[in-house]
Amino acid sequence: MTKIAILGFGVVGSGTAEVLTENKALIEERLGSSYEIRYILDLRDFPDSPFADRVVHDFNIILNDPEVSVVAEMMGGSHPAYDFTKACLEAGKHVVTSNKEVVSTFGVELCRIAKEHGVRYLFEASVGGGIPVIRPMINDLSSNKINKISGILNGTTNYILTSMRDQGASFSDALTEAQKLGYAEANPSADVDGIDAARKIVILAALACGKLADPKTIPTEGITAITLTDTKMAQAFGYSVKLVGHAKVSEDGKLTAFVSPRMVPACNPLSRIDGVFNGILVDANMVGEVMFYGPGAGKLPTASAVVADIIDIIANRDKATKPILWEAAAVSDMADFADYTCRRLFLLKDGGSLPSALEKAELRRIDGTVGALTEAMTETEASALAESVKDMLLSVYRVLD
C-alpha cells in the first residue's frame with residue numbers, strides 16, 4: 001500500500017484529498033494497488049473535516065516516516081514549500097506539486113535532487129490547472145522539436161478581459177466582480193501584473209528547450225492599463241485583447257519568453273478562450289499546431305492534475321522512468337528581445353496629423369482615439385516609433401500572428 005502525505009490543506013490540498021477519496025475505488029482498480037492518505041500538514045486544525053484525524057502540524061512527522069513514499073505539496077509561495085520539497089526528495093520521497101512559484105524558481109535544483117535520489121518530482125498542476133499539458137509535451141510530443149508556445153495562462157485576467165469586451169465593464173469593475181466570485185485574490189497583483197503567467201510560460205519553455213529562465217527576468221506586462229476603448233479598438237480590427245505568455249525557440253536554440261497583452265485575431269483559437277478558461281497552443285515541427293484547453297484553475301480541476309501525477313508515480317514505481325532535467329538559462333541562452341518582431345497596434349489621440357511612419361498603417365477611429373495597425377517591426381523599431389509620437393501616444397499592443 002502506498003502512503004501519501006499532503007502538504008497544505010487549502011483549496012487545492014483539500015481538493016486533492018477529496019479526489020483521492022471520492023474516486024478511490026476507481027483509481028485503485030486502474031492501478032491494481034491500494035493507497036491511503038497518511039498525513040495532512042497544515043498550521044490549522046479542521047475538527048469538522050472527515051480528514052481531521054490525519055492533520056499534523058509538524059513537518060518532521062512526515063519527513064521521518066519511512067512508510068510515506070509520495071508527498072503532494074500544495075502550500076503555495078516559495079518558503080517553506082521549497083524547503084519541505086527539497087527535504088522530502090533528499091529523504092527518498094517522490095513529490096508532486098501545483099506550486100508554479102517553486103517549480104519556476106527552483107525547478108533546476110529540485111529536478112536534479114530527485115534524479116540523484118532515485119525519485120520523481122512532477123508538477124502537471126503547476127501550469128494550466130486541470131489541463132493536461134506537461135505530460136503530453138514530455139511524452140506525446142517527444143518526437144517533435146517545439147518551436148513556439150502561446151498561451152492564455154491565467155484565468156483571472158482572462159475573466160476580466162472577457163468582461164471588459166462582452167459586458168463593457170471597466171477594468172476596476174471587472175476585477176471587483178472577479179474577486180466577489182472567488183476568481184481573484186484580495187491582492188490580485190500576481191495575476192493582473194502578469195507574474196503568474198510569467199512563472200507558467202518559463203516552465204513550458206523549459207519543457208521545450210531544457211533551459212529554465214528566471215521568471216523575474218523575462219519581459220512581463222500586465223493588464224492594469226487596458227481601457228474599454230482599447231477593447232473596442234481591438235474589436236474594430238477583428239481582434240480580442242488577451243494576456244498571452246509567449247515562448248519561441250529559434251533555429252540556433254535561443255529562447256525568447258515574455259508575457260504581455262496581445263491583439264489576438266479572430267482566426268486564432270486563443271481568441272475564443274473566454275472567462276476563466278485557459279488555452280495553450282504548441283507549435284511543433286512534425287505535428288504542427290496543437291491546442292490544450294480547459295479550466296485553468298479551481299479546486300477539483302487542479303486537484304485532478306495533482307492526483308494524475310500521484311497515479312503516474314504509483315503506476316511506474318517499479319519501472320525506469322526518464323527524469324526531467326533542466327539547466328538554468330544563461331544570458332547567452334536568451335535571444336535579444338530587442339529583435340522580437342511582430343505587427344503592432346498603436347493607439348493615439350485623434351486630432352493631430354499622423355507621422356509619416358504611420359501613413360501606410362491600417363487605421364480605425366473610436367471615441368477620439370486613432371488605431372494604427374503597422375507592418376511587422378522589431379521591439380527596437382516599435383520603441384523608436386513610440387518615442388516619435390509620444391505626445392499623441394496612448395498605448396501600443398503587440399499582435400499575435
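Me: In strand 12, which residue is the bridge partner of G279?
Reply: The model is predicted, and local features need a pLDDT of at least 70, side-chain atom pairs count only at pLDDT 80 or more, while totals for chains, interfaces and linings use all residues. Residues are numbered from 1 along each chain as its sequence is written, and side-chain values use heavy atoms, leaving out hydrogens and water. Strand 11 (residues 277–284) pairs with strand 12 in the antiparallel sense over 8 bridges, where pairing requires that DSSP finds at least two bridges between two strands, and where strands (E, at least two residues) and helices (H or I, at least four) are DSSP runs numbered from the N terminus. Within strand 12, the partner of G279 is Y293.

Me: How many residues are between strand 11 and strand 12 in their hairpin?
Reply: These strands pair in the antiparallel sense. Together they form a hairpin, and the number of residues between them is 3.

Me: Is N147 buried or exposed?
Reply: N147 is found in strand 7, and, leaving aside neighbours within four places in sequence, its contacts are A247, K248, V249, D283, A284 and N285. A residue is buried under 20% relative accessible area, exposed over 50%, and partly exposed in between, using a 1.4 Å probe and protein chains only. Because the relative accessible area of N147 is 19%, this residue is buried.

Me: In what sense do strand 1 and strand 2 pair?
Reply: Both belong to an open sheet of 6 strands in the order 3-2-1-4-5-6. A5 stands opposite Y39 in strand 2. Strand 1 (residues 2–7) and strand 2 (residues 35–41) share 6 bridges, and the sense of their pairing is parallel.

Me: Where is P80 found?
Reply: Most peptide bonds are trans. The bond from H79 to P80, however, is cis, with omega near 10°. P80 itself is found between strand 4 (68–73) and helix 4 (81–90), in the loop.

Me: What value is phi of D367 near?
Reply: D367 lies in the loop between strand 16 and strand 17 (369–373), and is exposed, with a relative accessible area of 52%. Most residues other than glycine have a negative phi. For D367 phi is positive, and its value is near 50°.

Definitions and conventions: Contact = heavy atoms within 4.5 Å.
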